[in-house]
Protein chains: 2
Amino acid sequence: MFKEVKSHKNGARAGQLANRVTPVNTPFFMPVATRGAVKILEPTEVAATGAQALLENTYHLHLAPGEKLVKKLGGLHKFSVWDGPILTDSGGFQVFSLAHARKITEEGVVFSDPASGRKVHLTPEKSMQIQYDLGSDIIMAFDDLTGLDPAKQKVREEEAVERTHRWLLRSIAEFKKLTAKTPRAKRPLLFGIAQGGLDKKLRQNSVEFVQSTEVDGLAIGGLSVGEGTTQMHDMLEFLSTLYDPAKVRYLMGVGEPNNLRFAIEHGVDMFDCVLPTRNGRHGTVWIDGDKRLNLKTEKMAADQGPIDKTCDCYTCKTGYSRALLRHLFKAGDPLAGKLASIHNLRYLQRICETYR
Amino acid sequence: MFKEVKSHKNGARAGQLANRVTPVNTPFFMPVATRGAVKILEPTEVAATGAQALLENTYHLHLAPGEKLVKKLGGLHKFSVWDGPILTDSGGFQVFSLAHARKITEEGVVFSDPASGRKVHLTPEKSMQIQYDLGSDIIMAFDDLTGLDPAKQKVREEEAVERTHRWLLRSIAEFKKLTAKTPRAKRPLLFGIAQGGLDKKLRQNSVEFVQSTEVDGLAIGGLSVGEGTTQMHDMLEFLSTLYDPAKVRYLMGVGEPNNLRFAIEHGVDMFDCVLPTRNGRHGTVWIDGDKRLNLKTEKMAADQGPIDKTCDCYTCKTGYSRALLRHLFKAGDPLAGKLASIHNLRYLQRICETYR
């Protein structure tokens with residue numbers, strides 16, 4: 001489903017990812033619409049930043065409003081008023097980061113929803129069914145990922161990689177069952193996730209395993225979970241020698257501008273991250289040179305300029321001043337977080353556009 | 001500055017209020033941009049509901065960011081990215097409703113800012129200076145208003161009306177001083193406020209006094225502060241016999257659709273109210289027939305329809321379903337409150353348009 005259009009000397013490549021909705025030009029960054037919407041932003045505003053596809057969270061949407069209701073309402077596109085492609089994650093990362101009292105077995109994961117206390121079961125099959133019911137266009141295989149606890153790391157990491165592979169095969173089998181009667185052009189894509197933490201042998205094993213299956217794309221999971229920049233870049237450099245040119249490569253959860261650039265220059269095509277919107281809501285924005293600026297400081301109070309004079313985002317172009325944004329942040333008006341989110345999203349889209 | 005264009009059999013009239021920015025067609029409703037912005041909404045979104053003018057709050061803007069800073073930044077229009085006319089209230093109502101430890105003397109009011117504990121003095125002269133520095137297009141005279149405490153009511157009400165009149169004369173004098181060198185076409189308008197609670201004799205006295213001065217408009221203050229609908233309507237009916245046809249009439253703080261209609265049919269031209277936006281942020285919307293609908297209820301969960309099929313607002317036209325709005329309210333996404341605010345603002349603008 002992926003077609004390379006051109007490759008640059010610096011290691012980056014530009015291409016196109018076909019899917020059942022609209023082809024997406026790579027490299028691209030997906031804003032995170034956790035519960036069906038990018039917080040405070042309308043879908044049209046998200047699209048205006050240059051976003052071609054959204055990531056929505058299986059874990060959150062399963063808990064509320066639930067995939068059965070979303071399906072009844074016509075699927076995620078209709079529900080969240082978004083025409084472009086939607087990728088759903090597998091739920092695995094949220095189980096790891098949010099769920100209470102989770103128990104991982106070969107069958108899958110059982111955990112308590114922190115909000116309701118309700119017991120939830122998630123297995124590779126269940127994850128496929130949920131994502132399919134939601135109406136996702138890019139479905140992620142259910143994976144097992146570890147944290148960076150160095151004590152438990154080594155053994156747990158091996159176990160996690162092997163389980164991720166077994167779960168990938170179960171994900172593929174369930175996906176095939178669900179889509180058996182769907183013509184190829186109407187079928188969602190399925191991506192597999194390579195794990196292996198910071199262990200190169202495990203990583204190589206995992207990337208090669210995932211690429212040997214029938215998945216449409218290779219995702220790199222388990223990075224950007226607390227390791228240092230050098231460690232991440234070292235791993236990305238190593239991985240870049242292993243990629244199958246025919247498969248699209250998706251680095252999950254990465255959104256720092258310098259990491260985005262480094263990954264693109266090492267053959268990565270796709271990204272998602274909450275950073276631009278979460279930082280934006282808290283008043284932190286990127287300005288030219290990947291510098292961070294805190295809009296809430298006293299220094300902004302009388303600054304009539306836009307967030308960044310060199311920026312072409314809606315917020316900077318419309319005449320919203322740093323002074324007004326600071327005032328609105330101080331006043332607790334969510335409009336400030338929205339306008340800063342738009343700026344940050346555009347910042348990352350512009351990086352992708354430059355490479356395309 | 002006001003020109004009546006036509007009057008209807010039902011008592012309503014349509015006209016135009018000239019001002020230094022853009023003429024406003026009456027009757028009209030002003031959304032409340034307390035701190036320089038209508039919460040969560042961009043100025044363009046506010047304008048798209050049909051709003052021609054905004055009300056901004058002197059009390060809040062004086063406390064933060066302060067009129068001196070707003071002036072330095074080019075005034076409220078530039079600061080809040082709004083081209084249309086801006087009316088600022090006098091601060092009197094907020095002193096009455098928000099301030100702690102307030103003390104009223106003939107000179108003015110001293111109170112503590114609940115947020116900072118800072119002591120603030122407000123006098124007719126000070127209120128004029130603040131509004132002038134903010135860059136307001138319609139300045140309200142500083143008034144003294146009472147609550148509805150029946151025990152203190154009578155004596156206090158008389159005192160408040162008389163003081164309001166003396167403060168009006170001081171407001172006019174200060175306004176003249178401030179604008180002495182400004183050509184007439186560039187001068188803001190000044191409105192006086194009639195008080196008198198539910199006492200018809202006091203009200204008549206007050207309306208006649210305000211209309212006898214040089215103010216550009218007559219505002220009715222001290223209604224919609226807790227009295228019943230019948231009492232309010234009875235007073236509006238009484239007042240409608242006293243109006244000077246040459247002066248625009250502004251009923252402060254009224255925004256319930258039935259009250260808006262009743263007031264328009266009894267000669268009122270202007271309104272402001274936080275109700276459409278405050279209710280919207282809490283999930284309550286008006287639907288056809290002035291009925292209230294709570295978007296947060298279980299009944300909305302699977303409702304694919306818009307808030308109101310008969311509505312022409314942006315939210316209803318764009319395809320946002322009751323189900324999505326309920327989901328976003330439950331998820332705590334401010335986008336829901338924004339979209340409901342837009343709907344409610346449009347609801348009131350449509351009423352005004354019908355009468356125009």
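**Notebook: the contact between chains A and B**

I began with the contact, which takes 37 residues from chain A and 37 residues from chain B. I note that this is a predicted model. I then looked up the area buried between the two chains: about 2,900 Å². Carbon and sulfur atoms give 61% of that area.

**Entry: polar links across the interface**

I counted 12 residue pairs in polar contact between chain A and chain B, both residues at pLDDT 80 or more. I then asked which helices of chain A supply the side that touches chain B. At least two residues each come from α1 (43-48), α3 (67-72), α4 (76-80), α12 (314-318), α13 (322-331) and α14 (334-355). Of chain A's elements, α13(A) gives the most, with five residues. By class, I find 23 nonpolar, six polar and eight charged residues on this side of chain A.

**Entry: symmetry**

I superposed chain A on chain B. A rotation of 180° does it, with 0.0 Å of shift along the axis and an RMSD of 0.0 Å. The two copies are therefore related as by a two-fold rotation axis. The same surface serves both copies, as 100% of the contact residues of chain A recur in chain B. Which residue of chain A comes closest to the rotation axis? I find A:Pro334, with its C-alpha at 3.4 Å.

**Entry: salt bridges between the chains**

Over all chains, I count 50 salt bridges. Four of them cross the interface of chain A and chain B. In one, the side chains of A:Lys338 and B:Glu42 meet at 2.6 Å, N to O. This pair runs from helix α14 of chain A to the loop between β4 (28-30) and α1 (43-48) of chain B. Are A:Lys338 and B:Glu42 buried or exposed? Both are buried. I also looked up B:Lys338 and A:Glu42, which meet in a salt bridge at 2.6 Å, N to O.

**Entry: salt bridges within a chain**

A:Arg346 is buried, at 10% relative accessible area. A:Glu353 counts as partly exposed because its relative accessibility is 31%.

B:Arg163 lies in helix α7 (residues 150-179) and B:Glu106 in the loop between β7 (100-104) and β8 (109-112), so the pair ties together parts that are 57 residues apart in sequence. B:Arg163 is buried, at 10% relative accessible area. B:Glu106 is partly exposed, at 32%.

Last, I looked for shared partners. Salt bridges join A:Glu42, A:Glu45, A:Lys338, B:Glu42, B:Glu45 and B:Lys338 into one network.

How values were computed
Residues numbered from 1 in each chain as written. Chains lettered and ligands numbered in written order. Predicted model: local features only at pLDDT ≥ 70, side-chain atom pairs only at ≥ 80, totals over all residues. Heavy atoms only, no water. Contact = heavy atoms within 4.5 Å. Buried area = accessible area lost by both parts, 1.4 Å probe. Salt bridge = Lys/Arg side-chain N within 4 Å of Asp/Glu carboxyl O. Polar contact = N/O pair within 3.5 Å; in protein donor to acceptor, adjacent residues only side chain to side chain. Helix = DSSP H or I, 4+ residues; strand = E, 2+ residues; numbered from the N terminus. Nonpolar A, V, L, I, M, F, W, Y, C, P; charged D, E, K, R; others polar. Least-squares fit on C-alpha atoms with pLDDT ≥ 70 in both. Buried < 20%, exposed > 50% of the residue type's maximum accessible area, 1.4 Å probe, protein only.
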